[in-house]
Amino acid sequence: MQTTTFCFDTACTLRGVMTQDVLDGVVELCRTFERLLSRTIDGSDVGRINATAGTSVEVDPRTAELIRLALGYCRESDGLFDITIGSVSELWDFKGGIVPDPAQIEAALPHVDYTKVQVEGNLVTLLDADARLDLGGIAKGYIADALIAQLREAGVTSAFVNLGGNVMVMGGRPDGSPWTIGVQDPATDAGEGIVAEVSRSDASVVTSGLYERCFERAGITYWHILDPRTGYPVRGDVVGATILSERSLDGDGLTKPLFMLPVPDALAYLEYHGVQGLLVTGGGDIRTTGASDFGLVGSRTRNE
(Lines give C-alpha, C1' and ligand atoms only; values in the text may rest on other atoms or scores of the structure.)
Protein backbone atom coordinates (compact mmCIF):
# COMPACT_ATOMS: atom_id res chain seq x y z
CA MET A 1 0.00 0.00 0.00
CA GLN A 2 1.15 3.55 -0.68
CA THR A 3 -0.20 7.06 -0.41
CA THR A 4 1.08 10.63 -0.67
CA THR A 5 -0.61 13.37 1.30
CA PHE A 6 0.17 17.03 1.88
CA CYS A 7 0.85 17.73 5.52
CA PHE A 8 3.27 19.88 7.56
CA ASP A 9 3.61 22.13 4.51
CA THR A 10 5.20 19.32 2.48
CA ALA A 11 4.37 16.18 0.53
CA CYS A 12 4.41 13.12 2.79
CA THR A 13 4.82 9.62 1.37
CA LEU A 14 3.83 6.50 3.30
CA ARG A 15 4.18 3.00 1.96
CA GLY A 16 4.67 -0.58 3.09
CA VAL A 17 3.04 -3.94 3.57
CA MET A 18 -0.16 -3.03 5.42
CA THR A 19 -3.93 -2.96 5.09
CA GLN A 20 -5.84 0.12 3.94
CA ASP A 21 -7.20 0.59 7.45
CA VAL A 22 -3.70 0.71 8.91
CA LEU A 23 -2.56 3.15 6.23
CA ASP A 24 -5.62 5.35 6.83
CA GLY A 25 -4.83 5.34 10.55
CA VAL A 26 -1.29 6.58 9.94
CA VAL A 27 -2.53 9.36 7.66
CA GLU A 28 -5.02 10.42 10.34
CA LEU A 29 -2.20 10.48 12.91
CA CYS A 30 -0.34 12.89 10.59
CA ARG A 31 -3.41 15.12 10.52
CA THR A 32 -3.71 14.96 14.30
CA PHE A 33 -0.13 16.09 14.81
CA GLU A 34 -0.59 18.91 12.31
CA ARG A 35 -3.63 20.14 14.23
CA LEU A 36 -1.66 20.00 17.48
CA LEU A 37 1.73 21.38 16.47
CA SER A 38 1.25 23.89 13.66
CA ARG A 39 1.79 27.48 14.81
CA THR A 40 -0.41 28.75 11.97
CA ILE A 41 -3.55 26.68 12.66
CA ASP A 42 -6.08 28.40 14.91
CA GLY A 43 -6.72 26.39 18.04
CA SER A 44 -3.60 24.23 17.77
CA ASP A 45 -1.67 23.59 20.97
CA VAL A 46 1.23 25.71 19.75
CA GLY A 47 -1.13 28.43 18.57
CA ARG A 48 -2.82 28.56 21.99
CA ILE A 49 0.52 28.69 23.80
CA ASN A 50 1.66 31.59 21.64
CA ALA A 51 -1.65 33.44 21.92
CA THR A 52 -1.59 33.34 25.71
CA ALA A 53 2.15 33.68 26.32
CA GLY A 54 2.80 34.44 29.96
CA THR A 55 0.11 32.08 31.25
CA SER A 56 -0.02 28.29 31.51
CA VAL A 57 -1.79 26.29 28.80
CA GLU A 58 -2.87 22.68 29.13
CA VAL A 59 -1.92 20.76 26.00
CA ASP A 60 -2.08 17.26 24.60
CA PRO A 61 0.44 14.96 26.35
CA ARG A 62 2.24 14.46 23.03
CA THR A 63 2.71 18.20 22.60
CA ALA A 64 4.12 18.50 26.11
CA GLU A 65 6.45 15.57 25.51
CA LEU A 66 7.79 17.03 22.26
CA ILE A 67 8.44 20.42 23.85
CA ARG A 68 10.17 18.77 26.79
CA LEU A 69 12.38 16.74 24.45
CA ALA A 70 13.05 19.72 22.20
CA LEU A 71 14.33 21.76 25.14
CA GLY A 72 16.97 19.09 25.64
CA TYR A 73 18.35 19.73 22.14
CA CYS A 74 18.23 23.47 22.81
CA ARG A 75 20.42 22.96 25.87
CA GLU A 76 22.76 20.54 24.06
CA SER A 77 23.42 23.12 21.34
CA ASP A 78 23.77 26.07 23.75
CA GLY A 79 20.88 27.74 21.98
CA LEU A 80 22.00 27.28 18.36
CA PHE A 81 18.72 25.39 18.13
CA ASP A 82 15.97 27.33 19.90
CA ILE A 83 12.26 26.56 19.75
CA THR A 84 11.38 30.15 20.70
CA ILE A 85 12.68 31.35 17.31
CA GLY A 86 9.00 31.95 16.50
CA SER A 87 9.16 35.59 17.55
CA VAL A 88 11.63 36.07 14.67
CA SER A 89 10.49 33.43 12.17
CA GLU A 90 6.99 34.91 12.06
CA LEU A 91 8.54 38.09 10.63
CA TRP A 92 10.04 36.30 7.62
CA ASP A 93 8.01 35.36 4.53
CA PHE A 94 10.05 32.94 2.43
CA LYS A 95 7.16 32.20 0.10
CA GLY A 96 6.54 35.86 -0.62
CA GLY A 97 10.22 36.79 -0.55
CA ILE A 98 9.82 39.47 2.09
CA VAL A 99 12.76 40.64 4.24
CA PRO A 100 11.70 42.04 7.62
CA ASP A 101 12.63 45.52 8.71
CA PRO A 102 15.89 45.31 10.72
CA ALA A 103 14.21 47.18 13.57
CA GLN A 104 11.59 44.43 13.82
CA ILE A 105 14.26 41.73 14.06
CA GLU A 106 16.18 43.73 16.66
CA ALA A 107 13.03 44.10 18.75
CA ALA A 108 12.10 40.41 18.50
CA LEU A 109 15.54 38.93 19.10
CA PRO A 110 15.62 39.38 22.92
CA HIS A 111 12.54 37.15 23.12
CA VAL A 112 14.35 34.19 21.55
CA ASP A 113 15.29 32.34 24.72
CA TYR A 114 14.40 28.70 25.25
CA THR A 115 15.07 29.00 29.00
CA LYS A 116 11.80 30.92 29.24
CA VAL A 117 9.79 27.80 28.31
CA GLN A 118 8.41 25.83 31.25
CA VAL A 119 6.80 22.39 31.03
CA GLU A 120 5.12 20.85 34.06
CA GLY A 121 3.14 17.73 33.23
CA ASN A 122 0.82 18.80 30.42
CA LEU A 123 1.04 22.49 31.31
CA VAL A 124 3.26 24.67 29.09
CA THR A 125 4.14 28.25 29.95
CA LEU A 126 6.05 30.87 28.01
CA LEU A 127 7.46 32.95 30.85
CA ASP A 128 8.18 35.76 28.39
CA ALA A 129 4.86 37.18 27.18
CA ASP A 130 6.48 38.22 23.87
CA ALA A 131 8.10 34.85 23.14
CA ARG A 132 6.68 32.55 20.45
CA LEU A 133 7.14 28.81 19.96
CA ASP A 134 8.04 27.40 16.54
CA LEU A 135 8.44 23.62 16.54
CA GLY A 136 8.96 23.41 12.77
CA GLY A 137 12.61 22.49 13.23
CA ILE A 138 11.92 19.32 15.19
CA ALA A 139 8.26 18.31 14.88
CA LYS A 140 8.65 16.08 11.81
CA GLY A 141 11.28 13.98 13.55
CA TYR A 142 8.99 13.36 16.51
CA ILE A 143 6.09 12.60 14.16
CA ALA A 144 8.09 10.16 12.02
CA ASP A 145 9.03 8.20 15.15
CA ALA A 146 5.38 8.16 16.23
CA LEU A 147 4.18 6.93 12.82
CA ILE A 148 6.65 4.05 12.84
CA ALA A 149 5.66 3.18 16.41
CA GLN A 150 1.99 3.01 15.40
CA LEU A 151 2.84 0.80 12.43
CA ARG A 152 4.80 -1.57 14.67
CA GLU A 153 1.87 -1.79 17.07
CA ALA A 154 -0.35 -2.70 14.11
CA GLY A 155 1.96 -5.60 13.26
CA VAL A 156 3.56 -4.01 10.19
CA THR A 157 7.11 -5.24 9.52
CA SER A 158 7.98 -3.36 6.31
CA ALA A 159 7.38 0.39 5.92
CA PHE A 160 8.82 3.59 4.44
CA VAL A 161 7.93 7.06 5.71
CA ASN A 162 9.08 10.30 4.05
CA LEU A 163 7.96 13.55 5.64
CA GLY A 164 9.66 15.92 3.23
CA GLY A 165 13.28 15.21 4.14
CA ASN A 166 12.64 13.09 7.21
CA VAL A 167 12.91 9.52 5.94
CA MET A 168 12.40 6.60 8.27
CA VAL A 169 12.32 2.94 7.33
CA MET A 170 11.23 -0.12 9.25
CA GLY A 171 12.29 -3.63 8.34
CA GLY A 172 13.41 -4.32 4.81
CA ARG A 173 11.62 -3.85 1.53
CA PRO A 174 8.83 -6.34 0.79
CA ASP A 175 11.37 -8.59 -0.99
CA GLY A 176 13.63 -8.57 2.10
CA SER A 177 16.33 -6.27 0.71
CA PRO A 178 17.27 -3.08 2.61
CA TRP A 179 15.77 0.27 1.70
CA THR A 180 18.00 2.61 -0.30
CA ILE A 181 17.73 6.30 0.61
CA GLY A 182 19.29 9.05 -1.47
CA VAL A 183 20.86 12.24 -0.08
CA GLN A 184 19.82 15.39 -1.96
CA ASP A 185 22.52 17.33 -3.80
CA PRO A 186 22.18 20.96 -2.60
CA ALA A 187 23.41 22.15 -6.02
CA THR A 188 20.37 20.69 -7.83
CA ASP A 189 16.62 21.08 -7.59
CA ALA A 190 14.77 18.69 -5.30
CA GLY A 191 14.71 15.17 -6.70
CA GLU A 192 17.08 15.93 -9.57
CA GLY A 193 20.38 14.87 -8.04
CA ILE A 194 21.88 13.02 -5.11
CA VAL A 195 25.36 13.02 -3.61
CA ALA A 196 25.14 9.80 -1.64
CA GLU A 197 23.03 6.79 -0.79
CA VAL A 198 22.56 4.74 2.33
CA SER A 199 21.05 1.25 2.48
CA ARG A 200 19.47 0.23 5.77
CA SER A 201 16.57 -1.83 7.07
CA ASP A 202 15.77 0.08 10.28
CA ALA A 203 16.93 3.67 10.43
CA SER A 204 16.17 7.36 10.14
CA VAL A 205 17.80 9.58 7.52
CA VAL A 206 17.12 13.29 8.00
CA THR A 207 18.35 15.75 5.40
CA SER A 208 18.18 19.51 5.70
CA GLY A 209 19.57 22.03 3.27
CA LEU A 210 19.65 25.71 2.50
CA TYR A 211 18.20 24.89 -0.92
CA GLU A 212 14.81 23.94 0.57
CA ARG A 213 13.28 27.42 0.89
CA CYS A 214 15.08 30.57 -0.13
CA PHE A 215 14.77 33.75 -2.16
CA GLU A 216 17.04 36.45 -3.50
CA ARG A 217 16.78 40.20 -3.00
CA ALA A 218 19.33 42.78 -4.21
CA GLY A 219 21.87 40.06 -4.92
CA ILE A 220 21.56 38.49 -1.46
CA THR A 221 20.20 34.98 -0.96
CA TYR A 222 18.10 34.47 2.15
CA TRP A 223 17.85 30.89 3.46
CA HIS A 224 15.00 29.56 5.59
CA ILE A 225 17.19 28.34 8.45
CA LEU A 226 17.53 31.24 10.88
CA ASP A 227 20.38 31.86 13.30
CA PRO A 228 18.86 32.41 16.79
CA ARG A 229 21.78 34.69 17.65
CA THR A 230 21.12 37.18 14.84
CA GLY A 231 17.56 36.61 13.64
CA TYR A 232 18.86 36.37 10.07
CA PRO A 233 19.45 33.34 7.82
CA VAL A 234 22.52 31.30 8.69
CA ARG A 235 25.83 32.16 7.06
CA GLY A 236 28.32 29.31 7.25
CA ASP A 237 30.26 26.66 5.38
CA VAL A 238 27.56 23.96 5.45
CA VAL A 239 24.78 24.09 2.84
CA GLY A 240 23.46 20.53 3.23
CA ALA A 241 23.43 18.19 6.23
CA THR A 242 22.23 14.62 6.61
CA ILE A 243 22.07 12.57 9.80
CA LEU A 244 21.74 8.79 9.98
CA SER A 245 20.37 7.69 13.35
CA GLU A 246 17.96 5.32 15.04
CA ARG A 247 15.47 8.04 15.95
CA SER A 248 14.23 10.67 13.54
CA LEU A 249 13.92 13.02 16.52
CA ASP A 250 17.72 12.98 16.85
CA GLY A 251 18.10 13.73 13.15
CA ASP A 252 15.91 16.83 13.46
CA GLY A 253 17.15 17.99 16.84
CA LEU A 254 20.83 17.78 15.92
CA THR A 255 20.73 19.06 12.33
CA LYS A 256 20.13 22.82 12.58
CA PRO A 257 23.24 23.73 14.64
CA LEU A 258 25.43 22.18 11.93
CA PHE A 259 24.72 25.15 9.66
CA MET A 260 26.16 27.52 12.25
CA LEU A 261 29.35 25.62 13.12
CA PRO A 262 32.69 25.31 11.31
CA VAL A 263 32.80 21.96 9.51
CA PRO A 264 35.26 20.27 11.93
CA ASP A 265 33.15 21.37 14.90
CA ALA A 266 29.96 20.19 13.19
CA LEU A 267 31.43 16.72 12.63
CA ALA A 268 32.68 16.57 16.21
CA TYR A 269 29.19 17.60 17.42
CA LEU A 270 27.64 14.66 15.56
CA GLU A 271 30.23 12.17 16.76
CA TYR A 272 29.78 13.36 20.34
CA HIS A 273 26.07 12.54 20.05
CA GLY A 274 26.74 9.12 18.54
CA VAL A 275 25.17 9.61 15.11
CA GLN A 276 26.54 9.41 11.58
CA GLY A 277 26.51 12.50 9.42
CA LEU A 278 27.28 13.81 5.95
CA LEU A 279 27.91 17.50 5.27
CA VAL A 280 28.04 19.30 1.94
CA THR A 281 29.89 22.63 1.90
CA GLY A 282 29.23 25.65 -0.25
CA GLY A 283 32.31 24.73 -2.26
CA GLY A 284 30.89 21.29 -3.04
CA ASP A 285 33.11 19.30 -0.67
CA ILE A 286 31.63 16.34 1.16
CA ARG A 287 32.64 15.54 4.72
CA THR A 288 31.43 12.63 6.82
CA THR A 289 31.82 11.48 10.39
CA GLY A 290 34.52 8.89 11.05
CA ALA A 291 32.04 6.02 11.00
CA SER A 292 29.95 6.34 7.85
CA ASP A 293 27.52 4.09 5.99
CA PHE A 294 27.02 6.73 3.30
CA GLY A 295 28.04 5.62 -0.19
CA LEU A 296 28.97 8.52 -2.45
CA VAL A 297 27.58 8.48 -5.98
CA GLY A 298 28.71 9.79 -9.36
CA SER A 299 31.95 11.73 -9.39
CA ARG A 300 31.66 12.77 -5.77
CA THR A 301 34.63 12.11 -3.49
CA ARG A 302 34.87 12.41 0.24
CA ASN A 303 37.09 15.19 1.51
CA GLU A 304 38.49 13.74 4.75
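A residue counts as buried under 20% relative accessible area, as exposed over 50%, and as partly exposed in between. The model discussed here is predicted.

Ala 154 has a relative accessible area of 44%, so this residue is partly exposed. Ala 154 lies in the loop between helix 6 (139–153) and strand 6 (159–163). In sequence, Ala 154 and Val 22 are 132 residues apart. In space, their C-alpha atoms are 7.1 Å apart.

Helix 8 spans residues 263–272. Its buried residues are Val 263, Ala 266, Leu 267, Tyr 269 and Leu 270. They lie on the same side of helix 8, because they cover an arc of only 155° around the axis. Just after helix 8, Gly 274 adopts a positive phi of about 75°.

The cover over the buried residues of helix 8 includes these elements:

| Element | Residues |
|---|---|
| Helix 3 | 61–76 |
| Helix 7 | 248–255 |
| Strand 13 | 238–245 |
| Strand 14 | 276–281 |
| Strand 15 | 286–288 |

The structure holds one cavity of 30 Å³ or more. The largest cavity has a volume of about 30 Å³. Its lining consists of Leu 14, Arg 15, Met 18, Leu 23, Val 26, Leu 151, Phe 160 and Val 161. Strand 2 (10–16), helix 1 (20–37) and strand 6 each give two or more residues to this lining. By class, the lining has seven nonpolar residues, no polar residues and one charged residue.

Note on methods. Residues numbered from 1 in each chain as written. Predicted model: local features only at pLDDT ≥ 70, side-chain atom pairs only at ≥ 80, totals over all residues. Heavy atoms only, no water. Buried < 20%, exposed > 50% of the residue type's maximum accessible area, 1.4 Å probe, protein only. Helix = DSSP H or I, 4+ residues; strand = E, 2+ residues; numbered from the N terminus. Arc of directions from axis to C-beta. Contact = heavy atoms within 4.5 Å. 1 Å grid on protein atoms, 1.4 Å probe; cavity = no way out; pocket = protein on both sides within 12 Å on 5 of 7 lines; lining within 4 Å. Points joined across faces, edges and corners; volume = space filled by probe spheres on them. Nonpolar A, V, L, I, M, F, W, Y, C, P; charged D, E, K, R; others polar.
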